[in-house]
Amino acid sequence: MTSNGSKFKIEDLYIGMEISDKNQLSNIYDTWILLVKGKNDDVYTVQFIGRETNAESDKLFAQGNVVCPVYNDSLELEGDIYYEE
């Protein structure tokens, strides 16, 4: 399944899913999503979904794939952050 333009929720994703633009994942926060893109492809394939990276996700890099990690931090939604000293 390839979806063009629509934004996804975490419930929509599955391993092997094809997406056309990694910006379709911009509404998913605090989750690592690793996309693999073929050298001559215009489509990304979801190969890892998780709260933390692990040995499984590390293997994707070790295999010489073109890997595009996506992580949107929910803290960025809060705007300015002030730290007390």
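Analyst: A polar contact is a pair of N or O atoms within 3.5 Å; inside a protein, one must be able to donate a hydrogen and the other to accept it. Keep in mind that this model is predicted.

User: What does the side chain of Gln 24 reach?

Analyst: It reaches the backbone oxygen of Ser 6, at 3.0 Å.

User: Where is Gln 24 placed?

Analyst: Gln 24 sits in the loop between β2 (18–19) and β3.

User: Is Gln 24 buried or exposed?

Analyst: Gln 24 has 2% relative accessibility, so it counts as buried. Ile 19 touches Gln 24, and also Phe 8, Leu 25, Leu 35, Val 43 and Tyr 44, leaving aside residues up to four places away in sequence.

User: Which residues make up the largest nonpolar core?

Analyst: There are 12 residues in it, including Phe 8, Ile 19, Leu 25, Leu 35 and Tyr 44. The strands β3 (32–37), β4 (44–50) and β5 (66–70) each supply at least two residues of this core. A second, separate core has 5 residues, among them Leu 34, Phe 48, Leu 60 and Val 67.

User: Changing topic. How many helices and strands does the protein have?

Analyst: The protein has 1 helix and 5 strands, in the order β-β-β-β-α-β along the sequence.

User: Which residue caps the N-terminal end of helix α1?

Analyst: Asn 54 does, with a side-chain oxygen 2.9 Å from the backbone nitrogen of Glu 56. The helix covers residues 55–62. After α1 comes Gly 64, with a positive phi near 80 degrees.

User: And how much of the protein counts as buried?

Analyst: Of its 85 residues, 28% count as buried.

Technical notes: Residues numbered from 1 in each chain as written. Predicted model: local features only at pLDDT ≥ 70, side-chain atom pairs only at ≥ 80, totals over all residues. Heavy atoms only, no water. Core = buried A, V, L, I, M, F, W, Y, C linked by side-chain atoms within 4.5 Å. Buried < 20%, exposed > 50% of the residue type's maximum accessible area, 1.4 Å probe, protein only. Helix = DSSP H or I, 4+ residues; strand = E, 2+ residues; numbered from the N terminus. Contact = heavy atoms within 4.5 Å.
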